[in-house]
Each structure stands twice: as C-alpha cells, then as structure tokens.
Amino acid sequence: NRHALRSRLCLELDGTLKALVEPVQSAVSVLPDRYNSAMHVGDVGTALQCRILYCAGSLYSGSDLIPLIKHFVRCIQQLIKCQKTTALYSTMSIFHPCMHLTGQ
C-alpha cells in the first residue's frame with residue numbers, strides 16, 4: 001500500500017534528512033501530509049509522531065501561537081485516547097511554555 005510505505009519510510013528517512021539539511025519550516029511543511037497518510041492506513045503511532053513533530057517544529061520556527069495551541073490540544077487529546085504517556089509528557093513539556101508565551 002502506497003500510504004503505509006509513505007507513512008513509515010518518509011517520516012524516518014525523508015523527515016530526518018530534511019531536518020538536518022533544510023530549514024525547519026520546510027521540514028515541518030510536509031508533516032501534515034505524512035499525518036494524513038498514516039491515518040489513512042491506520043498507523044496511529046506514526047500519525048501521532050508526525051503531529052508532535054509538527055507542533056514542536058512550528059513552535060521552534062516561530063509560527064503563530066494561537067492556532068498552534070489548537071494543534072497541541074488535539075495532539076494531547078489523541079495521546080490521552082491512545083494512552084501514550086511518555087509522548088504525552090514530552091508534548092506537555094513543550095505545550096506549557098507555549099501557553100505561557102501567549103499569556104493564557
């Protein structure tokens with residue numbers, strides 16, 4: 001299946017290479033497509049990984065914080081639903097400074 005192969009390999013190989021070679025914005029821009037491919041084939045673990053990386057990369061690259069908070073909240077809700085506690089704690093450690101930067 002094209003989506004299964006894309007969700008696994010692209011996140012690992014292409015994502016790592018883009019993060020090392022290109023600016024953060026270009027590495028982050030492909031993550032929503034990878035998230036959709038992973039969800040299409042039911043690979044929730046890879047999809048959550050894409051969403052976490054998108055949130056962290058967007059914060060690092062200086063994206064608008066208000067829409068980013070909504071992405072963080074959706075990510076945290078999915079992590080709670082899937083009971084991924086380690087990923088949840090690391091995501092929340094990025095989410096709290098984002099909340100403080102917005103004054104909420």
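**Exercises on a predicted model**

The protein has a mean pLDDT (the predictor's confidence in each residue, from 0 to 100) of 83, with 81% of its residues at 70 or more. This is a predicted model, in which local features need pLDDT of at least 70 and side-chain atom pairs count only at pLDDT 80 or more, while totals for chains, interfaces and linings use all residues. Residues are numbered from 1 along each chain as its sequence is written, and side-chain values use heavy atoms, leaving out hydrogens and water.

**Exercise 1.** Find where confidence is lowest and where it is highest.

*Solution.* Helices here are DSSP runs (H or I, at least four residues), numbered from the N terminus. Confidence is lowest in helix 1 (residues 2–21), with a mean of 67. Helix 5 (residues 65–82) has the highest, at 92. Where pLDDT is low, the predicted coordinates should not be read in detail.

**Exercise 2.** Count the aromatic pairs and classify what you find.

*Solution.* Rings of Phe, Tyr and Trp (its six-membered ring) pair if their centres lie within 6.5 Å; planes under 30 degrees apart are stacked, over 60 edge-to-face, and the rest tilted. The count is one aromatic pair. Phe72 and Phe95 form this tilted pair, 5.6 Å centre to centre with 50 degrees between the planes. Phe72 lies in helix 5 and Phe95 in helix 6 (residues 85–102), so the pair ties together parts 23 residues apart in sequence.

**Exercise 3.** List the contacts of Phe95, leaving aside neighbours within four places in sequence.

*Solution.* Contact means heavy atoms within 4.5 Å. Phe95 then touches Ile69, Phe72, Val73 and Ile76.

Terms used: Helix = DSSP H or I, 4+ residues; strand = E, 2+ residues; numbered from the N terminus.
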